[in-house]
Amino acid sequence: MDELTTLLDSAGLMVAEHASRPMNSETRRQTILACQQLLDRVRIAQSTLIADATTNSDWAGTGARNIADWLAGTTKSSYNDAKRKEQLGNALNKSKHLADAVNSGAVSPDAADALADAVNNPPNTATAADIADLVNASEGATPREAKQAASRWREILSTETEEQAHTRRHNARTVTNTVACDGMITTTITLPVLQARQLLNAINHAAGEPVEGDTRTNTQRLADGTITLAQLYNSGQLIPGRANPNIVIVIPVDGFTGTTNEPGHTPWGDRIPAHVVRETAKNATLQRIIMAGSKILDLGRQTRYATHDHYLALVARDGHCRYKNCTTPAAWCEIDHITQWQHGGTTNINNEWLLCPFHHQQRHKPGTTITGNANNTQINLPNGTTINCPPHGANNRKPEPSQRTQPDTPPSTTASPPPPGSTPTHTPTQNWTHVA
Ligand SMILES: [Zn+2]
C-alpha cells in the first residue's frame, strides 16, 4: 500500500476505535458532526478520483465495463451510488467555482450533488459565469433547494421552445419497479404533469371518498384505488368514460385560439403549455367564461369540441388507431385534426381521425407532417419515411363488449386516455380576462 492508502486505512481504524468508547451526549453529538465532515471530505476526494479514473480508463483490463461497475463489483456497493459520485466528480472538475464552494463549506456535498447534472449538462447558452451564479445561489441551500435552483436556472437559460420542452418531458416518462422485497414491489411512475394529474384523478376516483370510521391513511386509500383500477381492467370491466370530465384546465382565449402561447392552468396550479391544452381540447368539454377582472360576466354552456356523433362516425370509419399496424381500440384513441385548427382546419369528420395517445404524440413531433385526406392519409416522419395510414373500418376489429354503444344511454365511450389509466377527460375552460 502506498502512503495515502495507509493513511486512509489508519484514519478509518482510529475513528472506529474512538467511536466505540463511552462518551456523554455533547461529545457524541460533536463526534457525529466530525464524522460527517470527514465523510464529506472523503466523498469529495473519492468522487474526483472516480471521475479521473474514468478519464484515464483505469478500469481497463479489470473485466468491468466502467469504473463505477468496477467499484460496485469489488466492494459489493451500489452501482448507482458509484455513478452519482462520478457525476459529482465530473462537476467538481468542470467548475472550479463549485469545487471551491464545496471545499470552503459554502455548498454542502449533498447540494453539490444536486447541482451536478446542471453543471455537467448545462443549457447550450450557459457560460462559466452562469454556472458560478448557480453555485452562488446555492450557498447554504439544502439539496432540495439546490435542485429547485438548478431547475429554475435551466428554465431561464433555456432556448428550447414550449414544444421542445414538452417533447423532452414526454420522453422522460417512465414506470420502474424494484425487485420484490418482503413480498412487496415499489413502482415509481414519472409522467408529465397533466398525465400524472389524470392518473391520480382516476386513482382517487376509484378509491372513493373516505367514510366515517375509515381508518386507512390517505396513501393506503390511494393504493386501494390503484388496485381497483387494475382489477377492473383485468376483468374487462373498465368502461372508458368519454362523458366523465374530471380535469379542469383554464386558459385565456388568446392562448386557446393560438393567437398567443399563454399557457393554461389546472386547479392545482400546474402550468400546461398552450399547445398541449389545444391538443387536449379536441377530446374535452369546453366552457366559455367571460370575465371582467375577477368577476364572471357570462358562463357559456358546456360544449364538446368534437361531438359524440363525430366520434361514433370516426369509430365506424377508422375502427381503431389509424397508425400503421397499431390496433389500440377506438375507445382509447383521441380525435386529431388532420389540418390543425390553428392552420385553418375545421372540425368535421373529413378533417378528423383517430390516433392512440402514443401515436397522437408522435404525429405532433417537430418535423412530422401529414399529407392526403381523411380517407387516404400519410404520416411523413422527419427521417423521410412515409407511413400509409388508411381507415380500417368498424369490421376490421370487433369492438370489445365495453365499447358497444347502447341506444338511449348517454355517451359512454371515450376518445380519451390510454389503458389502464382509465376514465379522465379534461374540461379546458375558455377564459376571457376582459371584455371589450
Ligand atoms: Zn396507435
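**Entry 1: helix α13.** I started with helix α13 (residues 274-281) and found it mostly covered, with six of its eight residues buried. I wrote down the names of the buried residues in α13: Ala274, Val276, Val277, Arg278, Thr280 and Ala281. A reminder to myself that I am reading a predicted model here.

**Entry 2: the whole chain.** Next I stepped back for an overview. I noted 15 helices and 14 strands in the secondary structure of the chain. Of its 436 residues, 26% count as buried. I also looked up how far along the chain the contacts reach. Among contacts with a separation of 6 or more, 58% are between residues 24 or more positions apart.

**Entry 3: α5 against α7.** I then turned to a pair of helices, α5 (residues 96-103) and α7 (residues 128-137). Their axes come within 9 Å and cross at roughly 20°. Angles under 35 degrees count as roughly parallel, and α5 and α7 are therefore roughly parallel to each other. The crossing of α5 past α7 is right-handed. Which residues meet there? From α5 I listed His97, Leu98 and Ala101, and from α7 Ile131, Ala132 and Val135. Sorted by class, this contact of α5 with α7 has five nonpolar residues, one polar residue and no charged ones.

**Entry 4: Gln195.** Is Gln195 buried or partly exposed? I found 18 C-beta neighbours inside 10 Å. A residue needs 20 or more to be buried, and 12 or fewer to be exposed, so Gln195 counts as partly exposed. I also checked Gln195 against His170, which is 25 residues away along the chain; their C-alpha atoms are separated by 9.8 Å.

**Entry 5: a sheet of three strands.** Last, I looked at an open sheet with the strand order β11-β12-β13 and antiparallel pairing. Why is one side of β11 and of β13 left without a neighbour in the sheet? β11 (369-373) and β13 (386-388) stand at the edges and have a single partner strand each, so one side of each has no neighbour there. On average, neighbouring strands of this sheet are turned by 20° against each other, direction ignored. For Ile379, the bridge partner in β13 is Ile387.

Notes: Residues are numbered from 1 along each chain as its sequence is written. This is a predicted model: local features need pLDDT of at least 70, side-chain atom pairs count only at pLDDT 80 or more; totals for chains, interfaces and linings use all residues. Axes are lines fitted to C-alpha atoms, for helices over the stretch in contact, and angles run from 0 to 180 degrees between N-to-C directions. Helices (H or I, at least four residues) and strands (E, at least two) are DSSP runs, numbered from the N terminus. Angles under 35 degrees count as roughly parallel, over 145 as roughly antiparallel, 65 to 115 as roughly perpendicular and the rest as oblique. A crossing is left-handed if the near helix is turned anticlockwise from the far one by less than a right angle, and right-handed if clockwise. Two residues are in contact if their C-beta atoms, placed from the backbone, lie within 7 Å. Ala, Val, Leu, Ile, Met, Phe, Trp, Tyr, Cys and Pro count as nonpolar, Asp, Glu, Lys and Arg as charged, and the others, Gly among them, as polar. Two strands pair if DSSP finds at least two bridges between them.
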